[in-house]
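Reader: Walk me through this one, please. Start with how you use your terms.

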Amino acid sequence: MTESRESRPWPTELRLSKDKKTLTVAFEGGERFALPAEYLRVKSPSAEVQGHSPDERKTVPGKRNVMILEVQPVGNYAIRLVFDDMHSTGIYSWDYFAELGRNRARRWQDYVDELASKGLSRDPPQRK
């Protein structure tokens, strides 16, 4: 069974903040999510981050200060984000943005817990 267009989240606004650290996505029906660049980067839907199976998923550390440089449309179903660390392979569908927004607290806590369990940090490595 395919979902109808009416039952899927459809964006009404996509706005990158002036400091390039927050992407706000608003949907028909009134949902609105201000998503930090760090969260979008570490939860990128790319194969580089997600792998090709759950066992291959990566925990991405050191992205506390990452910024979004570009927001590029991909057809009418998604966008590609280009981050200042040059990561640009994730295609963010409207469904994925809605899921990230609706489940942000849980997904973020899972990420912070993963970092802690692996001895990793949100902060970038110190340069010597």
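Author: Buried means under 20% relative accessible area, exposed means over 50%, and partly exposed is in between (1.4 Å probe, protein chains only). This is a predicted model, where local features need pLDDT of at least 70 and side-chain atom pairs count only at pLDDT 80 or more, while totals for chains, interfaces and linings use all residues. Residues are numbered from 1 along each chain as its sequence is written, and side-chain values use heavy atoms, with hydrogens and water left out.

Reader: What pLDDT does the chain average?

Author: The chain averages 92, and 94% of the residues score at least 70 (pLDDT is the predictor's confidence in each residue, from 0 to 100). Over residues 1-5 the pLDDT is below 50. Beyond near neighbours in sequence, that stretch has 3 contacts in the model, a contact being heavy atoms within 4.5 Å.

Reader: On to the sheet. In what order do the 3 strands stand?

Author: The order is β1-β2-β3, in an open sheet with antiparallel pairing. Helices (H or I, at least four residues) and strands (E, at least two) are DSSP runs, numbered from the N terminus, and two strands pair if DSSP finds at least two bridges between them. β1 and β3 stand at the edges with a single partner strand each, so one side of each has no neighbour in the sheet. From one strand to the next the twist averages 15°.

Reader: Which helix packs on the sheet?

Author: Helix α3 (residues 94-102), which touches β1, β2 and β3. The direction of α3 makes about 85° with that of β3; axes are lines fitted to C-alpha atoms, for helices over the stretch in contact, and angles run from 0 to 180 degrees between N-to-C directions.

Reader: Is β2 enclosed or open, and how many of its residues are buried?

Author: In β2 (residues 22-27), 5 of the 6 residues are buried, so the strand is largely enclosed by the rest of the structure.

Reader: How many bridges does β2 have with β1?

Author: There are 5 bridges between β2 and β1 (residues 11-16), in the antiparallel sense. Pro11 stands opposite Phe27, and Leu14 has Val25 as its bridge partner. The hairpin of β1 and β2 has 5 residues between the strands, and Lys20 there takes a positive phi near 65°.

Reader: And what joins β2 to β3?

Author: Another antiparallel pairing, with 5 bridges to β3 (residues 32-36). Thr22 pairs with Pro36. This hairpin has 4 residues between the strands, and Gly29 in the turn has a positive phi of about 95°.

Reader: Salt bridges next. What is the count?

Author: The count comes to 12, where a salt bridge is a side-chain nitrogen of Lys or Arg within 4 Å of a carboxyl oxygen of Asp or Glu. One of them joins Arg32 and Glu13, with the closest N and O atoms 2.4 Å apart. Arg32 lies in β3 and Glu13 in β1, so the pair ties together parts 19 residues apart in sequence. Arg32 is partly exposed at 48% relative accessibility, whereas Glu13 is buried at 18%.

Reader: Which residue does Arg122 bridge to?

Author: Glu38, with 2.6 Å between the closest N and O atoms. Arg122 is in the segment after α4 and Glu38 in helix α1, 84 residues apart. Glu38 is buried, with a relative accessible area of 6%, and Arg122 is partly exposed at 24%.

Reader: What else is Glu38 in contact with?

Author: Leaving aside neighbours within four places in sequence, the contacts of Glu38 include Lys63, Arg64, Val66, Trp108 and Tyr111.

Reader: Which aromatic pair has Trp108 in it?

Author: The search of the whole structure finds 6 aromatic pairs. Rings of Phe, Tyr and Trp (its six-membered ring) pair if their centres lie within 6.5 Å; planes under 30 degrees apart count as stacked, over 60 as edge-to-face and the rest as tilted. Tyr39 and Trp108 form an edge-to-face pair, 6.1 Å centre to centre with 70° between the planes. Tyr39 is in α1 (residues 37-42) and Trp108 in α4 (residues 104-117), 69 residues apart. Tyr39 is buried at 1% relative accessible area, while Trp108 is partly exposed at 22%.

Reader: Which residues do ring pairs link into a cluster?

Author: Tyr92, Trp94, Tyr96 and Phe97. Tyr92 is in β6, opposite Ile79, and 3 bridges join β5 to β6 (residues 91-93) in an antiparallel run.
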